[in-house]
Amino acid sequence: MEKFLIEGGHPISGEVTPAGNKNAALPILAACILTREKVVLHNIPNIEDVRTMRSLLESLGISIQTVDEHTWEIQSSEVRPRDMDPDLCRKIRASILLAGPMIARAGTLELPPPGGDVIGRRRVDTHILALSALGAEVNYNRTFSFKAKELHGADILLDEASVTATENAIMAAVTAKGRSIIRNAASEPHIQELCAFLNKIGADIHHIGSNTLLINGVDQLGGGEYTIGPDYLEVVSFIGAAVVTHGSITIRNAGSEYLNMVKLVFQRLGVDWEEKGQDIFVPKRQRLTIEPDLGNAIPEISVMPWPAFPTDLMSIAIVVATQSKGTVLFHDWMYPSRMFFTDKLVGMGAQIVLCDPHRCIVQGPSHLYGEKMESPDIRAGMALLLAALSAEGTSSIRSVAQIDRGYEKIDEKLAKLGVNIQRVKG
Ligand SMILES: CC(=O)N[C@H]1[C@@H](OP(=O)(O)OP(=O)(O)OC[C@H]2O[C@@H](n3ccc(=O)[nH]c3=O)[C@H](O)[C@@H]2O)O[C@H](CO)[C@@H](O)[C@@H]1O
Ligand SMILES: C=C(OP(=O)(O)O)C(=O)O
């Protein structure tokens, strides 16, 4: 076990380039199963979840060569569903993404329930709904068994706009016979990237970015190269780090086209930034005053499927709000266990009322003090790290593996921005 020791209270400054988007890399790696041809992927984030997905693919008999730290050459000449390592599946949520492409390619797969962040019950029913509609036979008895002789196109209405279920449906549909329509599809940047990658290697997907995807099944996919886009969750984490330390930062290749809604929400917290082409500049001077709603009502920030404010950024927004003047209600109806980390912020001096598992009220600004903490999940871990940067004194954060799961070399990147952070055993 490792922990971070962070000396807070100092402004960060400098520039940083975000890693590739984890939640795009994971489905794109799974999608490589769909083609026998060689695929070269660039800007793959060097993080634990992606390494687990690589091991999973390798256990299926897929060949992966490392060209450099962020570039892999992948060839799925043959796939061996029976050799898949079930323990690796239990480590990551994205193991469920093997279902769509494996049914399409091999017609069979036995899959244990997926792992991932422990942030409440995580349904897989929508995956079953979509894959069954495309012709798969699905049985569940503590492990999933998928079978299909041939997949066929279908008009599918997803019962919720689930991110990974949409990705599974897309991957199963691209080589199915005939036309598919996926309605109530999720449209997060990673789903758009998955579609762009698949079209690049020969798929025929239309209306990318909308909630109704039209897919004409093709006989086979080819090879090609694709560069994974920047991780907007990491970009916003760095914006948060600059704001809570009263520092400034330039974020290179930040994918600002994905940040429009995040900007609207952060403006309500008194935070702004400038776009310079693909870069973002966060200035030192920020208003840091929470904007009330019309009639001086307490504003509410709520998560929603894309293009609204993403659940994965709620914890960062909460920490930013502790440094802003005023009162704001945060509401995450998606997950029942993502807000409990606010107890740790209260321990550091933040004024937060956790109303119920889905809602908290933050009143700022608060002077935070260093604390001993543990990272409960990937995004809460990052939020605690931001709180530690802002706090007076030294903080320690245990279970940094939770943060490493999604953020590449975060300690090294922060150190380059002037943060006194050490990774030690403990
Ligand atoms: C590997 C990966 O990509 N993981 C992401 C993916 O997880 P994942 O695909 O597992 O998340 P889902 O989109 O399926 O669902 C998230 C939660 O919201 C609920 N829900 C979702 C949509 C909806 O219309 N109604 C509804 O109730 C689900 O039941 C679930 O509890 O998307 C989540 C939501 O953006 C992110 O937190 C995860 O980081
Ligand atoms: C919840 C997350 O990841 P996963 O779905 O892989 O658990 C996340 O990235 O915030």
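Me: Why is helix α4 largely enclosed by the rest of the structure?
Reply: Happy to start there, bearing in mind that this is a predicted model. Helix α4 covers residues 99-106. It is largely enclosed because, of its eight residues, the number that are buried is seven.

Me: Which residues of α4 are buried?
Reply: A residue counts as buried if 20 or more other C-beta atoms lie within 10 Å of its own. In α4, the residues that are buried are A99, G100, P101, M102, I103, A104 and R105.

Me: Nice. What covers those buried residues of α4?
Reply: Both helices and strands take part in the cover. The strands include β6 (108-111) and β8 (144-147). The helices include α1 (22-31), α5 (125-133) and α6 (163-173).

Me: Which residue just after α4 takes a positive phi?
Reply: The helix ends at residue 106. Just after α4 comes a residue with a phi of about 75°, and that residue is G107.

Me: β8 came up in the cover of α4. How many bridges join β7 to β8?
Reply: Strand β7 takes in residues 137-140 and runs antiparallel to β8. In this pairing N139 stands opposite S145. The two strands form a hairpin with three residues between them, and R142 in the turn has a positive phi of about 65°. The number of bridges joining β7 to β8 is four.

Me: Stepping back, how far apart are the C-alpha centres of domain 1 and domain 2?
Reply: Domain 1 is made of two stretches, 2-19 and 230-425, while domain 2 spans 22-227. Their C-alpha centres lie apart by 31 Å.

Me: And how many residues of domain 1 are in contact with domain 2?
Reply: On the domain 2 side, 15 residues take part in the contact. The side of domain 1 that touches domain 2 divides into eleven nonpolar, two polar and six charged residues. For domain 1, the number in contact is 19.

Me: Last one: which residues are around ligand 2?
Reply: The shell draws at least three residues from each of domain 1 and domain 2. By class, three are nonpolar, three polar and four charged. The residues around ligand 2 are N23, I92, R93, A94, G116, D117, D312, I378, R379 and G406.

How values were computed
Residues numbered from 1 in each chain as written. Chains lettered and ligands numbered in written order. Predicted model: local features only at pLDDT ≥ 70, side-chain atom pairs only at ≥ 80, totals over all residues. Buried ≥ 20, exposed ≤ 12 C-beta atoms within 10 Å, placed from the backbone. Contact = placed C-beta atoms within 7 Å. Domains from an automatic or database assignment. Nonpolar A, V, L, I, M, F, W, Y, C, P; charged D, E, K, R; others polar. Pairing = 2+ DSSP bridges. Near = placed C-beta within 6 Å.
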